[in-house]
Amino acid sequence: MLRVATVGDLPFIQDLAGAVFSRFGDYRRILTRFFYTDGVTTFIWEEENSPAGLGMVALDWGLNSTYGVADLMAIALTPDRQGQGSGGRLLAALLEWSRAQGADEMQLTVAEPNHIARRFFARHGFAPAGRDEGRYPAGQRALRMVRTL
Ligand SMILES: CC(C)(COP(=O)(O)OP(=O)(O)OC[C@H]1O[C@@H](n2cnc3c(N)ncnc32)[C@H](O)[C@@H]1OP(=O)(O)O)[C@@H](O)C(=O)NCCC(=O)NCCS
């Protein structure tokens with residue numbers, strides 16, 4: 001089940017970011033900053049009534065755009081929940097929420113060496129967008145992927 005995160009979820013968010021994203025940079029701090037950024041909604045993914053993952057979506061299209069692009073800022077499962085299909089259910093819930101907000105496209109960046117995540121996103125309809133998006137704080141190349149909703 002997807003629910004909107006509250007300040008009380010920050011310790012879980014920070015610990016999960018530290019566990020799964022620290023090879024890309026100081027993501028305990030970066031996800032904390034995203035949490036407090038206007039336009040970013042942070043979600044907790046619950047399984048059996050306990051936190052199993054997180055998702056962060058930014059809806060930052062301008063008032064005069066003709067279409068809405070939702071930015072998937074982060075998606076992660078706790079290590080014990082990975083590799084069992086939960087990510088697909090979490091992603092489907094984030095796509096559905098973004099569609100309901102009026103988005104018709106979702107974009108993200110993924111680190112070049114994160115092959116598990118790249119395959120995961122490709123399996124779920126994302127295609128490389130072909131633009132160089134720079135680098136993660138720890139130096140990995142960031143690749144952009146997009147899909148329509
Ligand atoms: C990316 C992620 C959300 C995908 O969700 P998921 O539920 O694990 O996805 P899947 O069940 O489809 O499994 C993904 C892969 O992990 C493999 N896997 C199998 N057992 C595993 C285990 N015990 N632990 C980790 N991965 C495992 C799966 O076989 C699959 O590999 P494949 O691509 O070769 O088929 C999740 O793995 C995750 O949170 N990763 C860490 C954070 C991350 O990298 N996020 C994306 C940043 S942009």
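**Group meeting: fold, core and ligand shell**

So, of the 149 residues in this protein, 27% count as buried, meaning 20 or more other C-beta atoms, placed from the backbone, lie within 10 Å of a residue's own. Quick caveat: this is a predicted model, where local features need pLDDT of at least 70, side-chain atom pairs count only at pLDDT 80 or more, and totals for chains, interfaces and linings use all residues. Numbering runs from 1 along each chain as its sequence is written.

Okay, the fold. We have 4 helices and 7 strands, taken as DSSP runs (H or I, at least four residues; E, at least two) numbered from the N terminus. Along the sequence that reads β-α-α-β-β-β-α-β-α-β-β. The C-alpha trace spans about 40 × 35 × 30 Å along its principal axes.

Now the inside. The largest nonpolar core has 35 residues, and Ala17, Leu54, Leu72, Ala76 and Leu108 touch the most other members; a core here is a set of buried Ala, Val, Leu, Ile, Met, Phe, Trp, Tyr and Cys joined through C-beta atoms within 7 Å. Strand 4 gives the largest share, 6 residues. Leaving out residues up to four places away in sequence, Ala76 touches Leu16, Val20, Phe21, Gly53 and Leu54, with contact meaning C-beta atoms within 7 Å.

Last, the ligand. There are 17 residues around it, and Gln82, Gly83, Gly87, Ala117 and Arg119 come nearest; the cut-off is a C-beta atom within 6 Å. Strand 4 (69-77), helix 3 (86-100) and helix 4 (115-123) each supply at least two shell residues, and helix 4 gives the most, with 4.

Methods
Buried ≥ 20, exposed ≤ 12 C-beta atoms within 10 Å, placed from the backbone. Contact = placed C-beta atoms within 7 Å.
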